Amino acid sequence: MNRMYFRSPFLVFNLLLIALGGCYTVPETGRTSLNFISTGNELQLGISEFEKMKHETPISSDPAMVGRLQRVGQRIAEAVGNQLPSAQWEFVLFDDPNMINAFALPGGKVGVYTGILDIASTDDELATVIGHEIAHVTARHGSERMSQGIAAAIGGVILNEALKGDGDRNEWTAAYGAASAYALAIPFSQGHELEADHIGVIYAAKAGYNPEAAIEFWMKMNLVKEGKERSPFFSTHPSDYKRIDKLEALMPKVKPIYEQSKLRYR
Ligand SMILES: [Zn+2]
């Protein structure tokens, strides 16, 4: 320790955050993740980003398609129960038939593009997509990534300041802001994608949707990938046979969940 720590209260504050509130246990997988963003803060961030997107992108008003998204979305959100009590679920269908994509923002904001509805042609398949996005939210992947980015940036500034022997609050603030923005802009890692598949298929099964549809859905996506290599979806959702193998391995665990829950939805 040297005296620069005392001259930089912002650093002390951040280190305390990391030390005190630094861990989150991911539901269903039980993985311990680094996360020092509060659920209240991530919700506010998700709401403001989602409002921006709703102003920038046309929203579908097709009653059948919108109704389908709301029905499947609400049913999966109910199956999640109280795993993330701060979540404010909202499902919006963006009107872009060329966009084979869906996304989730921290706090429960899920966007689906009309383009992916053509591929997720059954409700079971749509449940795969929505279960996956909801899983990113309950696993808090967005704020985990921000936490990693901020921790790395703080580490970088610490090193820089240690070399210079001086502390500057603006530098800390800039590093914090840049790391947060960067973390939101980059795609999820493959680890996060596979974890969202894992948790998502459990949610779909709990909501009474056939988890085997996940395998059919990703098979179809691979076919689309071969024809549409440059679709934006594939930069954010690595569609490969690895995820299908992983999903197949989960079937013995999730099928009994589905057999039980489907009785409730008859
Ligand atoms: Zn994903």
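Helix α3 lies across strands β3, β4 and β5, running at about 30° to β5. Some terms before I go on. Helices (H or I, at least four residues) and strands (E, at least two) are DSSP runs, numbered from the N terminus. Axes are lines fitted to C-alpha atoms, for helices over the stretch in contact, and angles run from 0 to 180 degrees between N-to-C directions. Contact between two residues means that their C-beta atoms, placed from the backbone, lie within 7 Å.

This is a predicted model, where local features need pLDDT of at least 70 and side-chain atom pairs count only at pLDDT 80 or more, while totals for chains, interfaces and linings use all residues. Residues are numbered from 1 along each chain as its sequence is written.

Helix α3 covers residues 39–56, and N41 is in it. N41 and G107 are 66 residues apart in sequence, and 8.8 Å apart in space, C-alpha to C-alpha.

Now the sheet. It is open, with three strands in the order β3-β5-β4 and mixed pairing; two strands pair if DSSP finds at least two bridges between them. The edge strands, β3 (90–94) and β4 (102–105), each pair on one side only. From one strand to the next the twist averages 20°. Strands β3 and β5 (residues 109–113) run parallel and are joined by five bridges. L93 has V112 in β5 as its bridge partner.

V112 also belongs to the largest nonpolar core, which has 49 residues; V112 is among those that touch the most other members, together with I76, A127, I134 and Y203. A nonpolar core is a set of buried Ala, Val, Leu, Ile, Met, Phe, Trp, Tyr and Cys residues joined through C-beta atoms within 7 Å. Leaving aside neighbours within four places in sequence, V112 is in contact with L69, F91, L93, A102 and V129.

Next, α4, which lies across β3 and β5 and runs at about 150° to β3. Helix α4 (residues 63–80) packs with helix α9 (residues 190–206) at an angle of about 100°, their axes 8 Å apart. So α4 is roughly perpendicular to α9, a label for angles of 65 to 115 degrees. Which residues in α4 meet α9? They are I76, A79 and V80, and they meet Y203, A204 and K206.

Notes. Buried ≥ 20, exposed ≤ 12 C-beta atoms within 10 Å, placed from the backbone. Parallel < 35°, antiparallel > 145°, perpendicular 65-115°, else oblique.
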